[in-house]
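Here is a short briefing to read with the model open beside you. Take it topic by topic and find each residue as you go.

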Amino acid sequence: VTTTMAAASGRFESAKSIEERKEQTRIARAEVLRQAKANFEKEERRKELKRLRGEDTWMLPDVNERIEQFSQEHSVKKKKKKDKHSKKAKKEKKKKSKKQKYENESADSSSSSEDEWVEAVPSQTLGKEKAWKMGTAENQNKLFMRMASKFMGKTDGDYYTLDDMFVSKAAERKCLGEEEENQRKKAIAEHQSLAAQMEKCLYCFDSSQFPKHLIVAIGVKVYLCLPNFRSLTEGHCLIVPLQHHRAATLLDEDIWEEIQMFRKSLVKMFENKGLDCIFLETNMSTKKQYHMVYECIPLPKEVGDMAPIYFKKAIMESDEEWSMNKKLIDLSSKDVRKSVPRGLPYFSVDFGLQGGFAHVIEDQHKFPSYFGKEIIGGMLDIEPRLWRKGVRENFEDQRKKALQFAQWWKPYDFTKSKKC
C-alpha cells in the first residue's frame with residue numbers, strides 16, 4: 001500500500017484516505033455553494049413577488065408627493081455641494097502649485113548661495129539691515145543652547161543631560177503619535193459601524209429596508225409612520241426623525257419641537273375618538289446606534305387613567321436594586337432632554353400632554369427593550385408574542401392599516417400647511 005507522510009500531523013496516512021478526505025471536502029464545498037445559490041434565488045423570487053404586488057412602489061398619494069419633493073431638493077443640494085467642492089479643489093490646486101513654485105525658486109536661490117543658511121532680521125531701513133550667518137561653530141552652539149533651554153522640562157540637577165532630554169522628548173512624541181493613531185482608528189471604526197447600521201436601518205430614508213408604504217405624513221425633519229409588525233392597539237404609530245439620531249437627549253431643538261407638534265396632533269386626534277395615548281421611548285445599546293423611535297399607543301380612557309400607577313410601580317421594581325442614578329425621574333415639570341444626562345441609556349414614558357416618568361438604565365442585561373410595551377400588554381391582557389418581538393403582517397393588511405390611519409389623521413395633518 002502506498003503511504004505518505006502527513007507533514008502537519010507527523011503520522012503516516014494512506015493515499016486512499018487522503019483522496020477520501022479531499023472528496024469529502026469537495027462535497028461539503030459543493031453543498032455550501034448549492035445552499036447559497038438556493039438562498040439567493042429564493043431572495044430574488046421574493047423581491048420579484050414584492051415588485052409584482054407593488055410593495056416597493058405603493059405609497060399614500062400625499063406621501064408620494066412629499067418624497068418626490070424631497071428627492072428633488074436632495075438632488076439640488078447635492079449638485080450645489082458638488083460645485084462647491086469642485087471650486088474648493090480648484091483653489092487648493094492653484095494654491096498648491098503656487099507654493100510648489102515658490103519652494104522651487106527658494107531652493108534654487110539657496111543652492112546658489114555660498115553660505116549654509118542665512119536668516120535676515122527684518123528692519124525698517126536698508127541702512128540698518130542686519131543678518132547673521134550660521135557658518136561658525138559659536139553661533140550654532142548659541143542657537144542649540146537656546147533651543148535646549150526652551151524645550152527642557154523637569155531635570156534632576158547635574159544628572160540630567162541633553163541626551164536624557166532628547167530621549168524623553170522622543171518618547172513623548174512617540175506616545176502622542178500612537179494616541180493620535182488609536183483615536184483615528186477608533187473614529188474610522190465608529191464611522192464604519194454607523195454606516196453599516198444605517199444601511200440596514202428600518203427607519204432611515206436612504207436605507208434599502210425602509211418600508212415607505214407605512215408612512216402617513218412627512219414633516220421637515222420628522223415623519224409619522226405605522227409599525228412594521230402587528231399593532232398593539234388600533235392606532236399604534238411611530239414618530240421618527242428623518243436623519244439617524246439615537247435618542248431624544250441628543251436631538252437638536254428644531255427636531256424636538258417638531259416631534260412635540262406631532263405629539264399634540266395625535267393627542268387631539270385620539271381625544272376626539274374617546275381615547276388616551278401613551279408615548280414611549282427606549283434608548284439602549286449606545287454602541288449599536290439604533291434609530292430613535294417615539295411610539296404612540298392609544299388606550300381606553302379607564303385604562304389610561306390607571307397607567308401612571310402601573311408605570312411608576314414597574315419602574316421602581318425594575319433594573320438594579322441599588323442604583324447610581326435616581327430610580328424614578330418625574331417629567332411633569334421638565335422634559336426628558338433636561339432631566340436625563342446626554343449619552344446615558346434610558347426609558348421614558350409620557351401620558352398624553354401631561355408629562356410622565358423617566359428611568360436611567362443601570363444594567364442593560366436586566367432591562368428588556370420591550371419594557372414599556374410589556375406593561376401595556378399586562379394592562380390590556382395582550383398575548384406576549386405581540387409585545388415581545390412583534391408578529392409579522394402581510395402587505396395587504398399593512399396597506400389597509402395605512403389607509404385607515406391616513407383617514408383619521410387627515411383633519412389633524414399640520415404638515416400640509418407648513419412650508420416644508
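Predicted model: local features only at pLDDT ≥ 70, side-chain atom pairs only at ≥ 80, totals over all residues.

Residues are numbered from 1 along each chain as its sequence is written, and side-chain values use heavy atoms, with hydrogens and water left out. Helices (H or I, at least four residues) and strands (E, at least two) are DSSP runs, numbered from the N terminus.

**The sheet as a whole**

- Eight strands make up an open sheet with antiparallel pairing, in the order E5-E6-E7-E9-E8-E11-E12-E10; two strands count as paired if DSSP finds at least two bridges between them.
- At the edges sit E5 and E10 (329-330), each of which pairs on one side only.
- As background, strands of a sheet pair through backbone hydrogen bonds, either parallel or antiparallel.

- Strand E5 (residues 215-218) pairs with E6 in the antiparallel sense over three bridges, and a hairpin of three residues joins E5 to E6.
- If you want a pair to look up here, Ile 215 has Cys 225 in E6 as its bridge partner.
- On its other pairing, E6 runs antiparallel to strand E7 (residues 237-241) over four bridges, with Val 222 partnered by Pro 241 in E7.
- Strand E6 (residues 222-225) is covered on both faces: Val 222 and Leu 224 on one side, and Tyr 223 and Cys 225 on the other, are all buried, where buried means under 20% relative accessible area, exposed over 50%, and partly exposed in between (1.4 Å probe, protein chains only).
- Helix H10 (residues 395-409) lies across E5, E6 and E7, running at about 35 degrees to E5; axes are lines fitted to C-alpha atoms, for helices over the stretch in contact, and angles run from 0 to 180 degrees between N-to-C directions.

- Strand E12 is largely enclosed by the rest of the structure, because five of its five residues are buried.
- Five bridges join strand E11 (residues 346-351) to E12 in an antiparallel arrangement, and Ser 348 has Ala 358 in E12 as its bridge partner.
- The hairpin of E11 and E12 has four residues between the strands, and Gly 352 takes a positive phi there, near 60 degrees.
- Strand E12 (residues 356-360) also pairs with E10, in the antiparallel sense over two bridges.
- Ile 329 has Ala 358 in E12 as its bridge partner, while Asp 330 stands opposite Phe 357 in E12.

**Helix H5**

- Helix H5 (residues 253-272) has 20 residues and reaches 29 Å from its first C-alpha to its last, close to the 28 Å expected at 1.5 Å a residue; the expected span is 1.5 Å times one less than the number of residues.

**Salt bridges**

- The structure holds 11 salt bridges, each a side-chain nitrogen of Lys or Arg within 4 Å of a carboxyl oxygen of Asp or Glu.
- The side chains of Glu 253 and Arg 337 meet in one of them, at 3.2 Å, N to O.
- Glu 253 lies in helix H5 and Arg 337 in helix H7 (residues 336-339), so this pair ties together parts that are 84 residues apart in sequence.
- Lys 301 forms a salt bridge with Asp 276, with their closest N and O atoms 3.3 Å apart.
- This pair also links distant parts of the chain, as Lys 301 is in helix H6 (residues 301-317) and Asp 276 in strand E8 (residues 275-283), 25 residues apart.
- Glu 396 and Arg 399 form a salt bridge with their closest N and O atoms 2.7 Å apart; both lie in helix H10, three residues apart, about one turn of the helix.
- Glu 396 is partly exposed at 34% relative accessible area, and Arg 399 is partly exposed at 24%.

**Asn 283**

- Asn 283 lies in strand E8 and counts as buried, at 5% relative accessibility.
- A polar atom of the Asn 283 side chain lies 3.5 Å from the backbone oxygen of Leu 344.
- Leaving aside neighbours within four places in sequence, Asn 283 is in contact with Arg 246, Ala 247, Leu 344, Pro 345, Tyr 346 and Ile 361, where contact means heavy atoms within 4.5 Å.

Notes. Polar contact = N/O pair within 3.5 Å; in protein donor to acceptor, adjacent residues only side chain to side chain.
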